[in-house]
Amino acid sequence: MTGDGTRCVHAGLPPAGPGAPVPAQPVLAAQFHLSEDPAADFYGRAGNPTWRALESAIGSLDGGECLVYPSGMAAISALLRVVVGPGETVVVPSDGYYLARGYAHEHVDAVVREVPTTTAEWDFTGARLVLVETPSNPGLDVCDLTAVAAAARAAGALLAVDNTTATPLGQRPLEFGADFVVASDTKALAGHSDVVLGHITAASAEWAQRLRAERTISGAIAGPFETWLALRGLGTLDLRLARQAENAAALHAALRGHPAVARVRWPGSPEDPAHEVAARQMRRFGGVLTAELASAEAAEAFVGRAALIASATSFGGLHTTADRRARWGDAVAPGLLRISCGCEDPGDLVADVLAALA
Ligand SMILES: *Cc1c(COP(=O)(O)O)cnc(C)c1O
């Protein structure tokens, strides 16, 4: 198999031929000339060559059959609608992305059980679907995918892993026995903070088919232009993740032990409580870390003084950003910042952060 960089650059490219474009191009058409071929495109809600380009690219990286959705939440909500029947039980992380939990509680006719990412003993008795998130957002806790998959299998439950933080290059949950990957590609996968998109990758063709049929009639479909932007971004994912991880390592080293920082977390650090499990199942650790300052005011003032850090939610983009998560109601310390390292130079970022903390 070729390396990550080669795979990203070549994923989803159109076939070569005289006069054919080298990069993938967006096809915006809503209508296609009709034919007797059942696999041919006919209407934009049912299928589109640009979706297939991104889906084949992500599917090959995730190791399954990918379906693109107009946002990460559209992917998660579609999975819950399709997989979980009335009165069945769904397990969701109590400390993961807050809207996944919120959607399950408010809009799914199911029994919702919340479990923390660092639970020691997994018990999914009676569950239809288990959703875990690792590393979790925003706490950056990690759960052991081999153990979770074994517990789900033992209980006869399906397992979905929210792989947003890791990306397909950082972690391949299907190889550990998960049935589905769900992700927000708004974050590092598309990587330029200019598109909202998501995907589900299913391990089985049957589930992919059921999801595709539901997507076609529910109409929750991604725009081809946004899909193309994500494909364009995916081409540099290997490069961006490498620089972002370099920056996260440098910031972690600069912040640990700093008198203004109570705690810093990054699963890539051997000192981090999540590192041992993360190192067993992750191929790379990405550029998101957390730093806990003394108070909400201290955290806000720090971000305000840092010239290279934008105060913004979301993560995984080219530009370094920080988000004080308690603002959104996450159950974290008021001074906790989720810092998403961008692709700036490590020396510049460290100097900026140290000056802003001084
Ligand atoms: C952002 C995010 C989502 C939701 O994705 P959208 O593209 O914003 O709909 C889901 N899960 C995780 C872990 C996220 O960070």
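**Notebook: aromatic pairs and the ligand site**

I looked up Trp228 and found it buried, at 17% relative accessibility (buried is under 20% relative accessible area, exposed over 50%, partly exposed in between; 1.4 Å probe, protein chains only). The model is predicted: local features need pLDDT of at least 70, side-chain atom pairs pLDDT 80 or more, while totals for chains, interfaces and linings use all residues. Residues are numbered from 1 along each chain as its sequence is written, and side-chain values use heavy atoms, without hydrogens and water.

Phe225 and Trp228 are three residues apart in helix 8 (residues 224-234), about one helical turn (helices are DSSP runs of H or I, at least four residues, numbered from the N terminus).

Next I turned to the ligand. I found Met73, Asp162, Ser184, Thr186 and Lys187 nearest among the 14 residues around the ligand (a heavy atom within 4 Å). A side-chain N or O atom of Lys187 is 2.7 Å from a ligand oxygen, and a backbone N or O atom of Met73 lies 2.8 Å from a ligand oxygen.

Last, I looked at Lys187 again: it lies over the face of Tyr97, 5.4 Å from the ring centre (NZ of Lys or CZ of Arg within 6 Å of the centre and within 35 degrees of the ring normal).

Terms used. Polar contact = N/O pair within 3.5 Å; in protein donor to acceptor, adjacent residues only side chain to side chain. Helix = DSSP H or I, 4+ residues; strand = E, 2+ residues; numbered from the N terminus.
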